[in-house]
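Colleague: I am new to this structure. Could you walk me through some of its features?
Modeller: Gladly. Here it is.

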Amino acid sequence: MSMDAFELKMRREQPRWPDARWSCLWIKRIYEFQQANEASVLKLEASELINFLKHVRAGGTPTWQRHQAAIAASRYLEMTQGSVSDEIREIVLVLANHAAKERNGDSAAVEREQNFPEGEPEIVTELRKVLRRRRYKYDTEKAYVGWVVRFLNANRGRDVSELAEPQIREFLSNLAMGDSGGGVAANTLKQAKSALIFLFQQVLGRQLGLLEHSQATKPQKLPVVLNRDEIMALREQLPRITKVAAKWLMHDLLYGGGLRHKECRRLRIKDMQIDEGTILVRDGKGEKDRVTVLPISLREAVLEQIEAVRARHLRDLERGEGEVFMPDSLAKKYPNESRKFGWQWLFPSTRTRQDPRSGRWWRHHVSEDYFSKTFAKALAASGCVKNAVPHTLRHSFATHLLEDGADIRTVQELMGHSDVKTTMIYLHVMNQPGLSVRSPLDAMRGVTAES
């Protein structure tokens with residue numbers, strides 16, 4: 001197979017191997033190293049690959065990139081020969097283990113391997129470093145960086161040393177008021193304020209006042225809840241909207257176990273305690289763990305999904321991949337666990353992607369849009385006009401449990417609420433006929449429920 005043929009096939013294989021670009025770059029470098037004609041078939045015995053890897057290592061190429069090169073070589077061989085030798089597989093796995101040890105070694109090594117976007121202001125990079133040292137989640141990093149960049153743009157032309165509380169007050173006031181009188185939501189304003197306070201106090205070391213004017217009162221709203229008929233109608237539409245059984249399972253777990261949308265996407269194989277009939281929810285809201293119910297009716301579907309993940313994971317392992325993200329503390333404690341099947345996502349993405357922090361390539365869980373767009377289509381097709389989102393299924397879970405007579409403390413535990421007052425809000429949206437007051441308009445017109 002020529003270099004051009006390999007590159008063309010890699011583009012066609014994009015859904016399976018989305019990191020095709022760097023695979024082509026490494027094969028091109030191997031051609032150059034061997035001084036081979038790119039129109040010819042590349043010779044890639046284990047000894048030749050080892051010689052190439054030694055060559056690039058001498059040039060300062062880090063282990064994780066040499067691992068990339070070995071993966072590219074195994075893909076080329078799979079395409080040209082239909083199989084990969086045990087010697088080549090061993091090279092790929094050895095490099096993968098070495099790369100994992102480097103990544104999960106001492107803090108200095110972790111710091112060196114962190115990725116920071118090029119061209120961003122120095123103060124923003126410093127903000128990222130502090131957030132990562134303190135183990136803030138990547139979602140928080142994205143949000144804080146976004147607000148700080150927006151704040152800096154609003155004060156363009158001024159050095160950060162010139163910015164202080166007056167500029168923060170003005171920025172937050174503009175957010176609260178909005179360009180046309182409609183400001184941001186209270187939670188959004190709170191997040192922007194937290195980001196700027198973190199920047200000034202934790203990164204710049206400058207204390208701030210209370211910023212009292214920016215305190216926004218969050219309005220008390222009742223959650224949107226779907227009744228049982230609406231849940232059934234929505235569920236019936238899913239097979240018509242999509243043939244992907246994993247999306248049906250996500251719907252059933254959100255409603256059947258009271259999961260948050262993010263919690264469902266982040267489930268790992270080992271979290272599904274099928275024999276016990278429970279789901280272990282790790283690192284939920286407030287970084288809390290909890291146990292919730294796994295519906296008996298879903299056990300078979302969960303087992304089928306696990307087997308589908310197993311098949312994909314085995315294919316990944318054959319290519320020297322199969323690594324997933326692990327929390328920092330566990331990554332250090334168990335440096336070789338990231339390829340174990342139990343740590344794989346229950347709902348893995350169809351593509352591997354580069355981690356924005358470490359620069360590593362691995363298979364992540366599905367994105368937020370994976371189910372939310374399908375949910376919106378199914379909701380519309382069901383004829384329901386309520387302003388529902390996937391999180392509504394969690395609200396419905398709690399409400400229907402209470403309607404069925406479940407103890408409110410039990411529901412509190414299943415939902416993971418710190419305060420029972422949070423759970424009690426569902427008492428206000430229960431479908432209770434006991435509310436049976438008669439409207440004065442019906443009394444005036446002589447209308448009864450029977451009529």
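Colleague: Let us begin with a turn. In the hairpin of β1 and β2, which residue takes a positive phi?
Modeller: Gly 277 does, with a phi near 70 degrees. The hairpin has four residues between its strands. Keep in mind that this is a predicted model.

Colleague: What does the chain hold overall, and how many of its residues count as buried?
Modeller: The chain has 20 helices and five strands. It is 451 residues long, and 43% of them count as buried. Now take the contacts with a separation of 6 or more: 63% of these join residues 24 or more positions apart.

Colleague: How do I read a sheet?
Modeller: Start with the general idea. Strands of a sheet pair through backbone hydrogen bonds, in a parallel or an antiparallel way. Here, three strands form an open sheet, ordered β1-β2-β3, with antiparallel pairing.

Colleague: Which strands are at the edges?
Modeller: β1 (272-273) and β3 (290-293) are the edge strands. Each of them pairs on one side only.

Colleague: How many bridges join β1 to β2?
Modeller: Two bridges do, and the strands run antiparallel. β2 covers residues 278-281. Met 272 stands opposite Ile 279 of β2. Gln 273 has Thr 278 in β2 as its bridge partner.

Colleague: What about the pairing of β2 with β3?
Modeller: That pairing is antiparallel too, over four bridges. Thr 278 faces Val 293 in β3.

Colleague: Which residues of β2 point one way, and which the other?
Modeller: Thr 278 and Leu 280 point one way. Ile 279 and Val 281 point the other way. All of these are buried.

Colleague: Where is the other hairpin, and how many residues lie between its strands?
Modeller: Look at β4 and β5, with six residues between them. In the turn, Gly 359 has a positive phi of about 80 degrees. β4 is residues 348-354, and it pairs with β5 over four bridges in the antiparallel sense. One of the pairs to look for is Gln 354 with its bridge partner Trp 361 in β5.

Colleague: Is β5 mostly covered or mostly exposed?
Modeller: Mostly covered. β5 spans residues 361-365, and four of its five residues are buried.

Colleague: How do I read two packed helices?
Modeller: Two packed helices are described by two values: the angle between their axes and the distance between the axes. Take α2 (residues 20-34) and α4 (residues 63-81). They pack at about 85 degrees, with axes 8 Å apart. α2 and α4 are therefore roughly perpendicular to each other.

Colleague: Which residues make that contact?
Modeller: From α2, they include Trp 22, Trp 26, Ile 30 and Tyr 31. From α4, they include Gln 68, Ala 69, Ala 72, Arg 75 and Tyr 76. The residues of this contact divide into ten nonpolar, three polar and one charged.

Colleague: Now a single residue. Is Glu 263 buried or exposed?
Modeller: The relative accessible area of Glu 263 is 7%, which is under 20%, so Glu 263 counts as buried. Its place is in helix α13 (residues 261-265).

Colleague: Which side chains make polar contacts with the side chain of Glu 263?
Modeller: Arg 260 is one, at 2.6 Å. Arg 290 is another, at 2.9 Å. Leaving aside residues up to four places away in sequence, Glu 263 touches Val 281, Gly 284, Lys 285 and Arg 290.

Notes: Residues are numbered from 1 along each chain as its sequence is written. Side-chain values use heavy atoms; hydrogens and water are left out. Buried means under 20% relative accessible area, exposed over 50%, partly exposed in between (1.4 Å probe, protein chains only). A polar contact is a pair of N or O atoms within 3.5 Å; within protein, one must be able to donate a hydrogen and the other to accept it, and residues adjacent in sequence count only if both atoms are side-chain atoms. Contact means heavy atoms within 4.5 Å. Axes are lines fitted to C-alpha atoms, for helices over the stretch in contact, and angles run from 0 to 180 degrees between N-to-C directions. Angles under 35 degrees count as roughly parallel, over 145 as roughly antiparallel, 65 to 115 as roughly perpendicular and the rest as oblique. Ala, Val, Leu, Ile, Met, Phe, Trp, Tyr, Cys and Pro count as nonpolar, Asp, Glu, Lys and Arg as charged, and the others, Gly among them, as polar. Two strands pair if DSSP finds at least two bridges between them.
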